[in-house]
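Hi,

Here is the structure I promised to pass on.

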Amino acid sequence: MAYALQRFGQMLIIVIIALFAVFSTQRLAPGGPFDGERPPPPAILENLRAYYDMDLSMPAQFYAYLFGMAGREIEANGTAGKAHWFVVPKNAEITTLGGTTDRSTDDDLFVRRFCPWDQWLGQVLPGARAQMRENGTVFRKCGVVRGDFGLSMARRSIYVNDYVRDGLPATLKYAIPSLLFALLLGVPMGFYAAYRQNKPADFIMITIGMFGTVVPNLVMAPLLIFLFAVQLDAFFHWLFVETLEWIELARRQRTLNLIPSGKTGGVMHYVLPTLVLGTGLLGRIVRLSRAGALEALRSNYVRTARAKGLPAHVILLRHVFKPAILPVLTYMGPVTAFILTGSLVIERAFSLPGLGRQFIAAATDRDYTLLMGTTVILLLAIILLNFIVDLLYTWLDPRIRRGGGRS
Amino acid sequence: MSAPRTPLLSIKDLHIEFDTPDGTVKAVNGINIDLFKGEVLGIVGESGSGKSQSWMATLGLLAENASTSGAVLFDDHNLLNLPTRDLNPIRGNRIAMVFQDPMTSLNPYLTVETQMIEALRIHQKDMSKPAARQRCIQMLDRVAIPDADRRLKQFPHELSGGMRQRVMIALALLNDPEILIADEPTTALDVTIQAEILDILLALQPERGMAVVFITHALGVVAEICSRVCVMYAGQLAEVGPVEDVFTDARHPYTLSLLKATPRAAQDTTEQSNEALYAIPGAPPNMRMPPQGCPFEPRCACANSECSQENPKLEPLDDAPERLKACFRQQSSAELTEALNHGR
């Protein structure tokens, strides 16, 4: 338990460091979200930059990003369904720290809160807050720490949170099946290959695994689309409609579309994306579990187990499984990164909505907030998975569990 | 010796070869060993003499790249070509083995309890878990492990080396085997623990009437606990016989050299000398290309031309038929020692 807490603390520190790294590198890179072919007029640009806190110093921007300094009215009726920012009614009186008084005159009013680096920026004072409450305004805080990633910079009416909320499940819908596919197929394959080391079965398993690893998603995706979605359908059409003369089928639809090549819908729509991403993962998992199992099989304790007269399946499941699964488990951390890079290609190839697509869009548009949002989500996924892997590790390996005493 | 007894297990003309990328290693070249009920048989030899491998072969524990010929007869079975399915009821049940390295021979991922109980229940299918547990505790008590109940729940890394080897011995003895093969069980342990382990083995052996094969390169240990000894060199038997006879009146130059190379504390002050410890000159032959003649010939002080031409067979001594040796030299022990000293 103490170990879990300690690991959790480490996780938090890593998240903050990583956040800062991504935040500063993207802003230091040339170009910005508003540098289009036709840049907006200077006045609008100035407003835009202020709107996104980009007129602040870098540390102040980061602070604002984390703890949310800006508030703005989202919808005039105050429902503020999607708003995580605090809502200020029109004409609210805002007093800044400098002593001047502002009146919010348009929808895009923003109020800045105290920030240690830019003292002059001001804050919502108690009086203003009370007034807001009087007007029945919903007051909400914002910032990444409260789970608010802000507004997209390229599409200014859409929240990054909404992008993520729509994109993440879409990605998980094929990422999790492909991971399961790779694990449930790859681990037994690796074990079997190790058990039959240097025999034809071993060779076949390694070849299948290598094939999956070596052929990039970029090639695999169109290949499978061509084979399954195009050729197979053409074959079925030929078989059922032209040869067996199932006229009814021909009348209803031109092809069976058994394994579709894209878009979302039924389960079948996820077959090809899962296969493409899954085979990419498969090779690594076969190799890792094979290596792990081989090492365990060669170990002295497996020799002891054999000397006890245990049958092969007991040896494999009880004595080999745990040590052999550990390398695979370690790989489950980096696997998130693999799925991310895979998703970039797969979502394009199979016209799937998902984080990968948004990631590319965010990068090309210099959409800082969206890029941060997607990065943070993936970062959290990687860190969380690593955290789970670490906990599983301690559960699997008693030598870590009791804290030391390795032999 | 009394009338010829039937051996419990007999190794007949056993050959073991390992296929390696650099060629075939002929680890064991035609050895014959009979093991009788209730005896403690010592197997001594240098590292790489095939002493461990020949007994690994009896339990089918050789590496994947090994191939064997000959026979290991046990209870009308030839263990060498018995399929694993038929070998398993014998392994750990009628023939058990204790390995050299207690640090790695227990599975670090499983508790002592799991590893002991599985050994019991695989052979005694109707034994309940509590009964098996009880038996394990009993067995741990027998090998002098205090607080057995708690130890059972622990993982191997929580036990010391000596403790682990005792667990290994308890594990091997759980099913009351007829034969216990102890493959250098004390090599990895320090001297005081070695003595304890030997005491435990010595105490348990007569009480169970089992035959023990004790593989070691410590001649002192053999002298202490064994009744018969086989001296192995380069995958062959050099000399076989009762321990006292072989050690006091060795007839094979290799046995003599081994004995001479044993460090010992000076018996009295007058004997104290600054003489360096004797070492057999040269190195064992490369077993990828075993020599045509006697494998010990290049290092032997007593060899002549005959020795390099032909490999001597293991034959009974003229004056002591229960003893065997593989050497053309028919001199007495004293004469051979003389030659040895002179040759140096």
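Below is what turned up when I went through it, chain by chain.

One thing to keep in mind from the start: this is a predicted model.

**Chain B overall**

Chain B has 13 helices and 12 strands. Its C-alpha trace spans about 65 × 50 × 45 Å along the principal axes. Buried residues make up 44% of the 344 residues in the chain. Of the contacts in chain B with a separation of 6 or more, 66% are between residues 24 or more positions apart.

Where they touch, 11 residues come from domain 1 of chain B and eight residues from domain 2 of chain B. On the domain 1 side, strand S2 (residues 23-35) of chain B gives the most, with seven residues.

**The nonpolar cores**

The largest nonpolar core has 140 residues, and the ones with the most contacts inside it are Ile179(B), Val213(B) and Phe214(B). The largest share of this core, 12 residues, comes from H9(A). Apart from it lies another core, of 22 residues, including Phe149(A), Met153(A), Tyr368(A) and Met372(A).

Start with helix H7 (residues 161-173) of chain B. From first C-alpha to last, its 13 residues reach 18 Å, close to the 18 Å expected at 1.5 Å a residue. How many of the 13 residues of H7(B) are buried? The count is 12, so the helix is largely enclosed by the rest of the structure. The buried stretch takes in Gly162(B), Met163(B), Arg164(B), Gln165(B) and Arg166(B), among others. Packed against the buried residues of H7(B) are strands S6 (95-98) and S7 (179-183) of chain B, together with helices H3 (102-105), H4 (112-123), H5 (129-142) and H8 (191-208) of chain B.

Now compare helix H6 (residues 200-214) of chain A. With 15 residues at 1.5 Å each step it should span 21 Å, and its end C-alpha atoms are 20 Å apart, which agrees. Which residues of H6(A) are buried? They are Met205(A), Gly209(A) and Gly212(A). These cover an arc of only 60° around the axis, so they sit on the same side of H6(A). The face turned away from that buried side carries the exposed residues Pro200(A), Thr207(A) and Val214(A). What covers the buried residues of H6(A) includes helix H5 (160-195) and helix H9 (271-297) of chain A.

**Where the chains meet**

The contact between the chains takes 25 residues from chain B and 21 residues from chain A. H3 and H4 of chain B each supply at least two residues of the side of chain B that touches chain A. H4(B) gives the most to that side, with four residues.

Over to you!

Note on methods
Residues numbered from 1 in each chain as written. Chains lettered and ligands numbered in written order. Predicted model: local features only at pLDDT ≥ 70, side-chain atom pairs only at ≥ 80, totals over all residues. Expected span 1.5 Å × (residues − 1). Buried ≥ 20, exposed ≤ 12 C-beta atoms within 10 Å, placed from the backbone. Arc of directions from axis to C-beta. Contact = placed C-beta atoms within 7 Å. Core = buried A, V, L, I, M, F, W, Y, C linked by C-beta atoms within 7 Å.
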